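Colleague: I would like to learn how to read charged pairs and strands in a protein model. Could you take me through them one at a time?

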Amino acid sequence: MARTLDLSDIQGHVIRAYGRVSFPVARYFFLRITDGAAGRQFVGRLLPEITTGARWTTKPKVALNFGLTFYGLYALGLPTQTLQNMPPEFVDGMRARAHILGDRDPTRTVEDQPDWDKNWDPIWRANAAFTSGEVHAWLGMNAQVVQGTDQPDPALEAKTQWLRDLCAELGQKVQIIVGNGATGSAEYQSATAIFTTLPDGSKAATPQEHFGFTDAIGDPVFHGQMEPEEMRERVIGRGEWMGPKLGWQPLAAGEFVLGHPDEAQELPDAAPPASFMRNGTFMAYRKLHQHMGSWRDYFSAQAKTYAKVMAVPEDQAQVILKAKVIGRWPDGIPLAHASTHDAWIKERTRLGFDDPVSASAAVLRYLKSAEPSNFRYAEDMHGYDAPNTCHIRRVNTRDYLDPLNNPDGPNPNATSQVNKRRRILRRGLPYGSNQLDSGDNTTEQGVVIMALCASLFRQFEFIQQQWINYGLDFNAGNLTCPLAGQHATHNRFVIPSRPDSGKPPFICARLPTFVETRGGEYFFLPSMTALRMIAMGSVDPT
């Protein structure tokens, strides 16, 4: 049965990923509200600028969206009853949840590790309730680029100046917080896709991140998100797998948009009034630093051993090891479709990825199709194709955790009934250099990830705590994700070998931490209706 959403009431950041190709440059601003009346006036002035989820007739030059922290809602003067009924993890904020998220050692108290956040950006180190450093709001601007270049459309700077002027007009009672970056000198967190130079000399955005791998492919698809004809293709591999008879189906809208039934056919708990929460969502904003030097050095050293053990050239060994860590080859082809280097090269040739003239177009065409997402894990229970603890298998377990799965069987009837309650919408862009393979561990570069979901606790925090920084569901004990996990204590990754291969399993020991948090916060992204209520001061829980 077709389900519809009021897309014009939902912020566009929820409905569509602005993406590394269509809006490959972004600026993320963080604001402080020192006067409730001025803050409500600010929201009112912001309303006509916000990009909604409504279908576009013309793509905007800049897409703008807005979210508030719990204390931002407080600063805007929301009623006590509304604030009291907000989810506790949202009230706590990301900093207070650091022990759950793997950002500090959960076996030690804060007093025992007072400098646990020493590497966070100053804006996030200073973010504490009822202080002058408190962050109240996020304002994101995603921009197109001037055709054939890596430079943002001039509309981005114009919109930035509009924001500066509005804050000045309100007497800086709503102010842009300066504090981004390692030195804390940046007015906003800038972000940009990785660009490549085409044969004609022009620049084009790519879907890759700094480690060289194609990113954010399997974003979930939910009811009402897109037109039925588009949904039929997009849902394959991105929805929930209901077995061979029903195939791939869209997820319930309530997993991502509040006020709608979720996969349990329940309405998520909502603070009163119901109209305030409806069509909103929660967002976990995280700045993740990538240690480029460790990534290069570790796999360069490991490849020497792997090459000898597996009798392959060293350059192939490096690519294989990295692909096993991720679960995909650098161009996005999943190991589930091509588990060996030879199979990958054959698949690349079939898809036209090696043609220097048309390769970029071929890759984008492939990534827009169902192919890179149309696979299951219950057919590979031992992880011979994609290791059970590889990154993409941890963050989206698909049908691997079906409780009826036979560990030694093909499991044709497995479904994703367990996994469907743990999905998140992935948004964001890389930050730092827009070129591949640059920098070292100290270079300011990484990925800004924004995870959107109806329940930060059940979805985002569960994935981060149980699947990224713990390995029991993957028969790996305490071993963390080889890519995004913290490796201070548990630092091993096992690549299984097929019994008939004559080769032993390969153990990547003493993994360094490749990805490290540089700060972040939890935000509520209100609907357009809720933003109007805030602007008018008419949020009435009765």
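Modeller: Let us begin with the charged pairs: this is a predicted model, and the structure holds 32 salt bridges.

Colleague: What is the general idea behind such a pair?

Modeller: Side chains of opposite charge can pair when their charged atoms come close. One case here is Arg-164 with Glu-157, whose side chains meet in a salt bridge at 3.0 Å, N to O.

Colleague: Are Arg-164 and Glu-157 buried or exposed, or something in between?

Modeller: Here the cut-offs are needed, because buried means under 20% relative accessible area and exposed means over 50%, with partly exposed in between. Arg-164 has 23% relative accessibility, so it counts as partly exposed, and Glu-157, with a relative accessible area of 36%, is partly exposed as well.

Colleague: Which parts of the chain does the salt bridge between Lys-304 and Glu-314 link?

Modeller: The side chains of Lys-304 and Glu-314 meet at 3.5 Å, N to O, and the pair links distant parts of the chain, with Lys-304 in helix α11 (residues 292–310) and Glu-314 in helix α12 (residues 314–326), 10 residues apart. Lys-304 is partly exposed at 42%, and Glu-314 is partly exposed at 40%.

Colleague: Where do Arg-393 and Asp-380 lie?

Modeller: Their side chains form a salt bridge at 3.4 Å, N to O. Arg-393 belongs to helix α15 (residues 391–395), while Asp-380 is in the loop between α14 (359–368) and α15, so the pair ties together parts that are 13 residues apart in sequence. Arg-393 counts as buried, at 0% relative accessibility, and Asp-380 counts as buried too, at 9%. Salt bridges may also share partners, and in this way Arg-27, Glu-157, Arg-164 and Glu-187 are joined into one network.

Colleague: Turning to the strands, how many residues of strand β3 are buried?

Modeller: Seven of the seven residues of β3 (residues 137–143) are buried, so the strand is largely enclosed by the rest of the structure. To read this, look at each face in turn: Ala-137, Leu-139, Met-141 and Ala-143 are buried on one side, and Trp-138, Gly-140 and Asn-142 are buried on the other.

Colleague: Which strands pair with β3?

Modeller: Strand β1 (residues 25–33) pairs with β3 in the antiparallel sense over seven bridges, and within that pairing Phe-30 stands opposite Trp-138. Strand β2 (residues 62–68) also runs antiparallel to β3, joined by seven bridges, and Val-62 has Ala-143 as its bridge partner.

How values were computed. Residues are numbered from 1 along each chain as its sequence is written. This is a predicted model: local features need pLDDT of at least 70, side-chain atom pairs count only at pLDDT 80 or more; totals for chains, interfaces and linings use all residues. Side-chain values use heavy atoms; hydrogens and water are left out. Buried means under 20% relative accessible area, exposed over 50%, partly exposed in between (1.4 Å probe, protein chains only). Helices (H or I, at least four residues) and strands (E, at least two) are DSSP runs, numbered from the N terminus. Two strands pair if DSSP finds at least two bridges between them. A salt bridge is a side-chain nitrogen of Lys or Arg within 4 Å of a carboxyl oxygen of Asp or Glu.
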